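Have a look at the model first, then read on.

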Amino acid sequence: MHTIALVGNPNSGKTTLFNALTGSNQHVGNWPGVTVEKKEGKFKWKGNQYNVVDLPGTYSLGAYSEDEVVARDYIIKGNPDLVINVVDATNIERNLYLTTQLIEMGTKVIIALNMMDEAKQKNIDIDIDRLSKKLGAPIIPTIASKNKGLDNLIEESINYFSKDNNSNISFSYGENVDEEIKSIESILANSTLEYPTRWVAIKLLEGDQDIYNQLGKIKESSQIIERISSLGEKAEEYELEIVDRRYAFINNVLKDSVKQPTETAETITDKIDKIITHKYLGLPIFAIIMFAVFQLTFAIGGDIFGGYVATFVEYAGELVVGFLNNIGVSEWLVSFISEGLFGGVATVFEFIPLIMVLYFFLGILEDTGYMARAAYIMDNLMRALGLHGKTFISMIVGFGCNVPGIMATRTLDNKKDRMIALLINPFMSCGARLPIYLVFIAAFFPDHGGIVLFSLYTLGIVVALVLGKIFSKTLFKGESSHFIMELPPYRLPIFKYVIRDMWDKVWDFLYRAGTIIFVVVSLLWILSVLPLGVEPYSQESILGRIGTFLSPIFIPAGFGTWQATVSLFAGIAAKEAVVAILGMVYAGVSEGSQLVSALQNVFTPLTAISFMVMTLLYTPCAAVIGTVKKETNSTKWAIFMAIYPFVIGWIASVLIYQIGSLLGF
């Protein structure tokens, strides 16, 4: 089966093209050895199947981030049959820098000149035939968001498989640099490096540390190191010359091929950004938008759809238990299904409508381009706290799940910035915590759900920023790197992609509920009914004794019951398990309404707030701790991540309960 790799700048429409080509026939994983996300999919054309790999979005093929290394290593070592370079037609000069690097590598490349409709709106006139000849590569105009030009792109790609001629364009970097490249090439002529020798020579002159580190694998390494070291100050001059010559080549290519209006009219995006990214209005607008999202989440997901799911779960539980009793199934199995599964795992399912609605609205904000503005708006505040502006991007990702939020910190080049972003990300309230908030809101704050939820998310951000400031002054001293970020134009969201992304997140939630939570609930159910002869779900059970032993920890926070204690510790395996365990340990609870009533008899509004704050801030789930270990390659930081949020959460909960009690709440 032929394999096509998609590569392009961020915001070039590469992922939209990938979605358009593969539809629902795609899966997501990680690249071997790294935490960079790997997307693969398949499509059929005229009876044949083709594999498509969506490489990480990158501006170049350097070694400044894992994204760049993964993209270039796959192109060279993964041996795709063809690389489709997705180029934004409205930012063609910047996008072609990556194209020149692909041509340098000797890659068989086709250019998908995307967003042609937006280029036309901006009066950008592109002579595609002339541009194609100058670049030595086929160019197919596309509008991926509207599925236009895709048939031509596929047809040209398939025809191109059989051709063995890559681009015949060669670059000159000036006499001195060219001579140095040839000298290094001659040394590498018989080396065992997996990369093309000319490309390696160029990378070494660019100061590519990753390639430099790989020289140790070959016998010619000492010669190369000596050669590079002998350049002295010339090395920096050569690096700048290479960059300048690439842009000179691009300008020459575009000179007769692309005509842009000399005076650019103010676009709709420019007009909106004057308000949205305003120095003083930006933050309040961001707060209002997020507050509206949470209010709509409750209005639609809770008030409209939530009741139907709760009724269905209750009805299904009664139906299954009744059926099992009728056919004479043993009492312990009926108990497990009724109180363990429907009282635990199924309780979590009732919150799916709210989770779907929240992810839907966040997906719309992302697809329109607003989330990029949110990071830009937060930059000044982040700087004041000693944090990098891009840190907020990883924090936004963490709202979905802290694991990809931590993975997103790889885009930060500076180790200090990356470590701080990584350590504060778990304070972003992930989707797995949402069911915990929702059940307590239903019990104690049903008329103020949006306000409570917004306050919890805001508290997580504030705690993260304060700790980031502390870390920047203590654990990780030093200067932050510069914040450079592209703001894409505002676009109408493509709802089928928003819904697909929403479903992917919901499916991940369901998968965790059906696997990790099921295992956790099953084990704890067994502990709750043993030893035989004691009252199930009582303090005399094994689970009750464990909870009773640990519960004094939480007495100062106001919820020192064994049930609350075991649910919190179960949440370290998976946060969704907290509600599942609460539903199980209260005997006879089989659906959400009964769990709400049970909580009202045990908690007060004050202790409910204290408990929610604890679940917001305390130890992240095991998957997050494992990701921290993998990202930092350090057990020390993984242990630190397990302990310090617990301490922060405990302190915050104790302060809330103790101060609230003094004030008479």
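Is aspartate 256 buried, partly exposed or exposed? Aspartate 256 is partly exposed because its relative accessible area is 42%; buried means under 20% relative accessible area, exposed over 50%, and partly exposed in between (1.4 Å probe, protein chains only). This is a predicted model, where local features need pLDDT of at least 70, side-chain atom pairs count only at pLDDT 80 or more, and totals for chains, interfaces and linings use all residues. Residues are numbered from 1 along each chain as its sequence is written, and side-chain values use heavy atoms, leaving out hydrogens and water.

**Salt bridges**
- The count comes to 13 salt bridges, each being a side-chain nitrogen of Lys or Arg within 4 Å of a carboxyl oxygen of Asp or Glu.
- Lysine 134 and aspartate 256 form one of them (3.7 Å, N to O).
- Glutamate 118 and arginine 491 form another (2.7 Å, N to O). Glutamate 118 lies in helix H4 and arginine 491 in the loop between helix H22 and helix H23, so the pair ties together parts that are 373 residues apart in sequence.
- Glutamate 118 counts as buried at 16% relative accessibility, while arginine 491 is partly exposed at 24%.
- Glu104, Lys203, Glu206 and Arg246 are linked in a network of salt bridges.

**Helix**
- Valine 647 sits in helix H31 (residues 635–662); helices are DSSP runs (H or I, at least four residues), numbered from the N terminus.
- Valine 647 counts as partly exposed, at 40% relative accessibility.

Terms used: Helices (H or I, at least four residues) and strands (E, at least two) are DSSP runs, numbered from the N terminus.
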